[in-house]
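Open the structure in your viewer and keep the sequence panel beside it. The tour below goes from stop to stop, saying what to select and what is there.

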Amino acid sequence: MRENKGARKGLENLKVVYEIRGLNLDRFINAAKNRGIELYDIKKTGNKRMIVSVSFQKSQKFFAFAKELCYNIKKLRVKGRLYPLYSLYRSFGLIIGAVIFAFISVISSDTLISFTFTGSGSLYHREIEAYLYGVGVKPFARFSDFDLQLLEDGILKDNPYLSFAGLYKSGNRLVINTQLSKEKVETLTGSVYATYSDCDGIIESIKVYRGTALVGVGDTVKKGQLLVDGYTTVKEQIVKINVLATVTVKTYEEVIYRSDKDGEEEKAVIFAEQGLLDKSVVETSVEKKEDGGGFIYIVKAYYYRVIYSG
Amino acid sequence: MGFIENIKNCFGADELPKEPIFRAVLFGDSAAYLENVTAIARYEECEIVLSLKRGGLSVRGEGLYIKKYCSGDVVICGKIKALERV
């Protein structure tokens with residue numbers, strides 16, 4: 001019978017090690033030889049126990065032969081110079097699957113799919129998005145290709161109406177948290193124990209890093225109202241701490257525009273916005289009243305007021 | 001010229017058999033290669049008794065084990081102290 005040299009040549013050096021248990025092991029050795037099975041490294045480890053190696057090609061035949069003679073046979077290991085390749089060959093599918101899985105995991109988690117804008121600065125999401133696109137940060141870009149810290153600095157430089165920009169990765173989304181402010185941020189000293197509102201308005205967002213929030217998003221607050229208090233509860237005990245928090249309040253200013261003419265609501269709004277250039281007006285409402293032959297236009301210009309405490 | 005013929009010519013031994021019962025090659029005292037072995041009669045760590053066509057051969061030593069056994073060829077490793085016809 002012609003030998004299958006192509007497929008099996010590489011496995012000639014492989015040997016399978018078996019443990020044989022039974023009586024009259026000498027008879028077993030001779031019987032294997034008579035069957036044309038070559039035995040290697042025959043070592044007796046007791047009266048009824050023997051370790052023997054068989055070439056890989058003959059291993060199945062040997063196993064069947066031992067079982068036929070009713071000896072207990074146990075495969076211990078495979079040895080030989082080509083054993084690492086043999087292991088790879090046996091678990092090739094597993095290795096391929098693991099590599100593909102790892103590749104997809106890395107690629108899929110590293111791919112940016114979408115942006116999420118949070119905070120009061122999300123009003124300018126179009127400008128922020130335009131900046132990000134300009135620096136190559138767009139859907140299907142890789143997170144590993146850009147530096148979030150540099151992007152935060154870039155967003156602040158590109159958008160003067162923002163006072164804070166924080167970026168972080170959440171799955172495949174890039175979360176962009178921005179805050180509006182045209183006012184200079186005061187130095188955080190760490191010695192503040194309460195945050196009060198300095199205007200009337202509605203809470204747009206509240207972030208408390210230390211302290212306890214007494215209001216929530218959507219709550220109406222008054223000037224002087226306590227928003228964040230400097231305490232926390234530890235194991236049912238109230239502990240005094242200093243406050244570190246950011247509160248954004250949607251408030252308004254009233255601007256009065258007088259005119260002899262009717263229907264000048266738009267002019268009144270433009271007038272009000274011109275007078276509040278430092279406030280970044282986000283919304284306006286106009287109320288018209290008659291006043292001695294003329295008209296008074298009361299414009300409420302809404303803007304976001306960011307209160308830092310810390 | 002065959003191996004046996006060479007030996008005969010070297011030693012002038014005309015009585016060397018044409019068909020030897022067995023042939024043994026010793027590699028120092030750590031290994032032995034034997035041909036024309038018909039069976040393993042007994043296998044112990046201190047003695048391995050081989051069956052030949054006529055009679056037997058005892059290999060004595062310490063830590064003996066069979067490195068290879070197939071088709072009448074045996075390789076014995078270990079500390080070999082003596083070979084004796086039995």
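Contact means heavy atoms within 4.5 Å. This is a predicted model, in which local features need pLDDT of at least 70 and side-chain atom pairs count only at pLDDT 80 or more, while totals for chains, interfaces and linings use all residues. Residues are numbered from 1 along each chain as its sequence is written, chains are lettered from A and ligands numbered from 1 in the order in which they are written, and side-chain values use heavy atoms, with hydrogens and water left out.

**Stop 1: the interface of chain A and chain B**

Colour the two chains separately and select the residues in contact across the boundary. Chain A gives 12 residues to the contact and chain B gives 15 residues. The size of an interface is often given as the accessible area lost when the parts come together. Buried area here is the accessible area (1.4 Å probe) that two parts lose on being put together, summed over both. For chain A and chain B the figure is about 1200 Å², with 51% of it on carbon and sulfur atoms. Select Asn30(A), Lys33(A) and Ile42(A) next: these three supply 38% of the area that chain A buries against chain B, more than any other three residues.

Now show the side chains of Asp41(A) and Lys67(B). They meet in a salt bridge, at 2.8 Å from N to O. A salt bridge is a side-chain nitrogen of Lys or Arg within 4 Å of a carboxyl oxygen of Asp or Glu. Between chain A and chain B the count is one salt bridge. The interface also has 10 residue pairs in polar contact, with both residues at pLDDT 80 or more. A polar contact is a pair of N or O atoms within 3.5 Å; within protein, one must be able to donate a hydrogen and the other to accept it, and residues adjacent in sequence count only if both atoms are side-chain atoms.

Which elements give two or more residues to the side of chain A that touches chain B? They are helix 2 (25-34) and strand 2 (39-44) of chain A. Helices (H or I, at least four residues) and strands (E, at least two) are DSSP runs, numbered from the N terminus. Strand 2 of chain A has the largest share of that side, six residues. By type, the side of chain A that touches chain B divides into five nonpolar, one polar and six charged residues. Ala, Val, Leu, Ile, Met, Phe, Trp, Tyr, Cys and Pro count as nonpolar, Asp, Glu, Lys and Arg as charged, and the others, Gly among them, as polar.

**Stop 2: salt bridges within chain A**

Over all chains, the structure holds 17 salt bridges. Select Lys44(A) and Asp26(A), whose side chains meet in one at 2.9 Å, N to O. Lys44(A) lies in strand 2 of chain A and Asp26(A) in helix 2 of chain A, so the pair ties together parts that are 18 residues apart in sequence. Buried means under 20% relative accessible area, exposed over 50%, and partly exposed in between (1.4 Å probe, protein chains only). Lys44(A) is partly exposed at 23%, whereas Asp26(A) is buried at 11%.

Move to Glu19(A), Arg21(A) and Arg49(A), which are linked in a network of salt bridges. The closest N and O atoms of Glu19(A) and Arg21(A) are 3.2 Å apart. Glu19(A) is buried, with a relative accessible area of 7%, and Arg21(A) is partly exposed, with 39%.

**Stop 3: Ser53(A)**

Select Ser53(A) in strand 3 (residues 49-55) of chain A. Is this residue buried or exposed? Ser53(A) is buried, with a relative accessible area of 1%.

Go to Lys81(B), which lies in strand 6 of chain B. Lys81(B) counts as exposed, at 54% relative accessibility. A polar contact of 2.5 Å joins its side chain to that of Glu62(B). Leaving aside neighbours within four places in sequence, Lys81(B) is in contact with Arg60(B), Gly61(B) and Glu62(B).

In strand 6 (residues 73-85) of chain B, also select Lys79(B). Lys79(B) forms a salt bridge with Asp29(B), the closest N and O atoms being 3.5 Å apart. Asp29(B) is in the loop between strand 1 (23-27) and strand 2 (31-35) of chain B, 50 residues apart from Lys79(B).

**Stop 4: cysteines**

Finish with Cys199(A) and Cys77(B). Cys199(A) is buried at 9% relative accessibility, and Cys77(B) is buried at 14%. A search of the whole structure finds zero disulfides over all chains, a disulfide being a pair of cysteine sulfur atoms within 2.5 Å.
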